[in-house]
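Hi there,

Here is the structure I promised to pass on to you. Have a look at it first, and then read my notes below.

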Amino acid sequence: MQDLNYPEQGGTRRSPLPSGYQHLHEELPVGHGLAALTAAGEAITTFRMHRAAGTGIRADAPRAAPGVGVEVSLGIGPLRLRAPCRVVWTVAEKDRIGFAYGTRDGHPECGEEAFVAELRADGSVWFTVTAFSRPASLLTRGAGPLVPVFQRLYIRRLGRTLRRLAHH
């Protein structure tokens with residue numbers, strides 16, 4: 001994964017997150033029970049959650065796996081923002097399903113973001129997003145403190161979408 005534009009590959013798997021970046025950690029409820037975990041995990045790892053939330057996704061494979069290239073895009077027409085990424089790790093355990101991707105050159109940010117569905121001891125299923133990032137373009141440098149605000153709004157949209165998908 002030589003084309004990642006940051007050195008801390010896999011950093012979203014560890015605590016603490018790498019220094020020198022803005023950190024983000026959001027947890028949103030999506031359902032209850034093993035069926036909700038399975039549905040949420042499937043939606044996350046097949047990029048269905050992203051697509052259903054209105055995010056453009058082009059991936060080298062139908063499912064997230066280490067090394068899979070992904071291009072995320074938001075917006076329309078000439079205002080479409082393209083963000084090349086590569087899947088850096090996946091998890092498929094009895095109580096956790098998800099993946100993380102890292103940014104590549106051309107991404108407006110530099111860092112990593114993990115999307116995981118987790119079945120907790122009480123049977124509740126949570127969507128967790130963990131990320132570290134810093135600006136890598138004039139656009140994100142100029143947006144400054146608005147970037148984390150937009151990230152949180154986007155994550156909440158993904159969470160609402162995943163909650164809907166986990167119940168179908």
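**Salt bridges and ring pairs**

Let me start with Glu118, which is partly exposed, with a relative accessible area of 24%. Please keep in mind as you read that this is a predicted model. Glu118 has a partner in Arg120: the two form a salt bridge, and their closest N and O atoms are 3.7 Å apart. Arg120 is partly exposed too, at a relative accessible area of 25%.

How many salt bridges does a search of the whole structure find? The search gives 10.

Arg86 is buried, because its relative accessible area is 14% and the cut-off for buried is under 20%.

Next, look for Glu71 and Arg58, whose side chains meet in a salt bridge at 3.7 Å, N to O. This pair also links distant parts of the chain, with Glu71 in strand 3 (residues 69-74) and Arg58 in strand 2 (residues 56-59), 13 residues apart. Glu71 is buried, with a relative accessible area of 18%, whereas Arg58 is exposed, at 57%.

Now for the rings. A pair of aromatic rings is described by the distance of the centres and the angle of the planes. The count here comes to 6 aromatic pairs. One of them joins Tyr21 and Phe132, and the pair is edge-to-face, with 4.8 Å from centre to centre and 70° between the planes. Where in the chain do Tyr21 and Phe132 sit? Tyr21 is in the segment before strand 1 (22-32) and Phe132 is in strand 7 (residues 124-135), so the pair links parts of the chain that are distant, 111 residues apart. Tyr21 is buried, with a relative accessible area of 9%, and Phe132 counts as buried at 0% relative accessibility.

Phe99 and Phe115 make another aromatic pair, a tilted one: the centres are 5.5 Å apart and the planes are at 45°. Phe99 belongs to strand 5 (residues 96-103) and Phe115 to strand 6 (residues 109-119), and this pair also links distant parts of the chain, 16 residues apart. Phe99 is buried, with a relative accessible area of 0%, and Phe115 counts as buried at 0% relative accessibility.

Finally, go back to Tyr21. Which residue has its charged end over the ring of Tyr21? That residue is Arg134, and its charged end sits 4.1 Å from the centre of the ring. Tyr21 therefore has two partners to look at in this model, which are Phe132 in an aromatic pair and Arg134 over the ring.

Enjoy exploring!

Best wishes

Note on methods:
Residues are numbered from 1 along each chain as its sequence is written. This is a predicted model: local features need pLDDT of at least 70, side-chain atom pairs count only at pLDDT 80 or more; totals for chains, interfaces and linings use all residues. Side-chain values use heavy atoms; hydrogens and water are left out. Rings of Phe, Tyr and Trp (its six-membered ring) pair if their centres lie within 6.5 Å; planes under 30 degrees apart count as stacked, over 60 as edge-to-face and the rest as tilted. Helices (H or I, at least four residues) and strands (E, at least two) are DSSP runs, numbered from the N terminus. Buried means under 20% relative accessible area, exposed over 50%, partly exposed in between (1.4 Å probe, protein chains only). A charge sits over a ring if NZ of Lys or CZ of Arg is within 6 Å of the ring centre and within 35 degrees of the ring normal. A salt bridge is a side-chain nitrogen of Lys or Arg within 4 Å of a carboxyl oxygen of Asp or Glu.
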